[in-house]
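Dear colleague,

Please find below the structure I would like to hand over to you. My notes on its helix packing and its core follow the display.

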Amino acid sequence: PAAWWSLLSDAPDQCPPDARCRLFRRATQSIPKNRPELYESEAYVSIWLGFAVEQAKLGQRDDAAEALEYMRTEGIGKRSRAFYETWALCEAGAGRVADARKALKAGLRALPTRHRGPLAEL
C-alpha cells in the first residue's frame, strides 16, 4: 500500500477528478483483500478514505458511503480518527446529519482519548 499511497498522494489536484477516482479505485482493487495486518496501515487507510472522498467529489455519494461501510464492516481504519471524520463528513454532505453524528460518536467510542482530537469536543 505504501507505493500506491506515494503515487496517489503525489497525483496533482489538477488531474481530472474522474481520473483521480479511477486511480484510487485501482489501488483498492490491486491490494489483496483479507490482510488484517494492513487494516491499520496509514497508507492502506488513506487509500480507502481517498477513494471515498474522490467518489463524493464526483457526486457519487452512495458509492462513497458504500466504500466507508466496507471499511467499517471489515475493520479498516477502526483506530483512525481520519476514518470517523471522513465518514461523518460524507454523511453530512449527503444531508444525513443524524448519521454524521452517529459516525462521530462511534469514533469517540472506538478511539483512545489521546487519538480523539476534535472528536472529543462533541
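Leaving aside residues up to four places away in sequence, I76 touches Y39, Y44, V45, W48, Y70, M71 and F83. Please note that the model is a predicted one.

I76 also belongs to the largest nonpolar core, which has 30 residues. Those with the most contacts inside this core are Y44, W48, L68, M71, I76, F83 and W87. At least two core residues come from each of helix 2 (17-30), helix 3 (42-57), helix 4 (61-74), helix 5 (81-93) and helix 6 (97-110). Helix 3 gives the most, with eight residues.

**Packing of helix 1**

Helix 1 (residues 2-10) packs against helix 3, their axes coming within 8 Å and crossing at roughly 50°. On the helix 1 side the contact involves A2, W4, W5 and L8, which meet A43, S46 and I47 in helix 3. By class, these residues are six nonpolar, one polar and no charged.

Helix 1 also packs against helix 2, at an angle of about 175° and with the axes 11 Å apart. Because angles over 145 degrees count as roughly antiparallel, this description applies to helix 1 and helix 2. W4, W5 and L8 of helix 1 make this contact with R20, L23, F24, R26, A27 and S30 of helix 2. Here the residues divide into six nonpolar, one polar and two charged.

With kind regards

How values were computed
Residues numbered from 1 in each chain as written. Predicted model: local features only at pLDDT ≥ 70, side-chain atom pairs only at ≥ 80, totals over all residues. Heavy atoms only, no water. Core = buried A, V, L, I, M, F, W, Y, C linked by side-chain atoms within 4.5 Å. Buried < 20%, exposed > 50% of the residue type's maximum accessible area, 1.4 Å probe, protein only. Helix = DSSP H or I, 4+ residues; strand = E, 2+ residues; numbered from the N terminus. Contact = heavy atoms within 4.5 Å. Axes fitted to C-alpha atoms, helices over the stretch in contact; angles between N-to-C directions. Nonpolar A, V, L, I, M, F, W, Y, C, P; charged D, E, K, R; others polar. Parallel < 35°, antiparallel > 145°, perpendicular 65-115°, else oblique.
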